[in-house]
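Please open the model in your viewer and keep the selection tool at hand, as this tour goes from one selection to the next.

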Amino acid sequence: MSLDSMSLARQIDLVFRRIRDELSHVSSGTVFVHIRNNEIGKFGVKHLPFESKDGVLPETAVKGLTELQYQAFRQMALESLKRKKSWTHGEIFFDFTVRHNMLSASITFESNYNMASLAKTI
């Protein structure tokens, strides 16, 4: 199945399925997707920085998202697409963190336009 015949929601679902394992090892960061013509090209996870003291990274067993947190995060990402209106190029950022075993998340939409394509319609 090609991307052009796949809905953006289905593409987001595939993104979350692909990064599922990575999310199980991080407790905060940003999932990002780059969109062009309503197709996802690049996507991934930006982890929050690791902090060191005196040049040494602490050995911590960071727990990532639980299965329930992952499912809730994925569902929130899918539901957020209902707020995407009339743009076909841009980026979506899903920021997340787990504090006291509670998942907090926010979404940022960034639409992109190109003056060259606008000039063609004038």
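Helices (H or I, at least four residues) and strands (E, at least two) are here DSSP runs, numbered from the N terminus. This is a predicted model, in which local features need pLDDT of at least 70 and side-chain atom pairs count only at pLDDT 80 or more, while totals for chains, interfaces and linings use all residues. Residues are numbered from 1 along each chain as its sequence is written, and side-chain values use heavy atoms, with hydrogens and water left out.

Begin by selecting helix α1, residues 8-18, and find Phe16 within it. Phe16 counts as buried because its relative accessibility is 0%, where buried means under 20% relative accessible area, with a 1.4 Å probe and protein chains only.

Next, show the contacts of Phe16, a contact being heavy atoms within 4.5 Å. Leaving aside neighbours within four places in sequence, Phe16 is in contact with Leu23, Val31, Tyr70, Phe73, Arg74, Ala77 and Phe94.

Now widen the selection to the largest nonpolar core, which has 23 residues; such a core is a set of buried Ala, Val, Leu, Ile, Met, Phe, Trp, Tyr and Cys residues joined through side-chain atoms within 4.5 Å. The residues with the most contacts inside this core are Ile12, Phe16, Leu23, Val31, Phe73 and Phe94. Colour α1, β1 (28-36), β2 (39-47), α3 (67-80) and β3 (90-99), the elements that give two or more residues to this core. In soluble globular proteins, nonpolar side chains tend to be buried together.

Finally, select Gly55, which lies 39 residues from Phe16 in sequence and 34 Å from Phe16 in space, C-alpha to C-alpha.

Notes. Buried means under 20% relative accessible area, exposed over 50%, partly exposed in between (1.4 Å probe, protein chains only).
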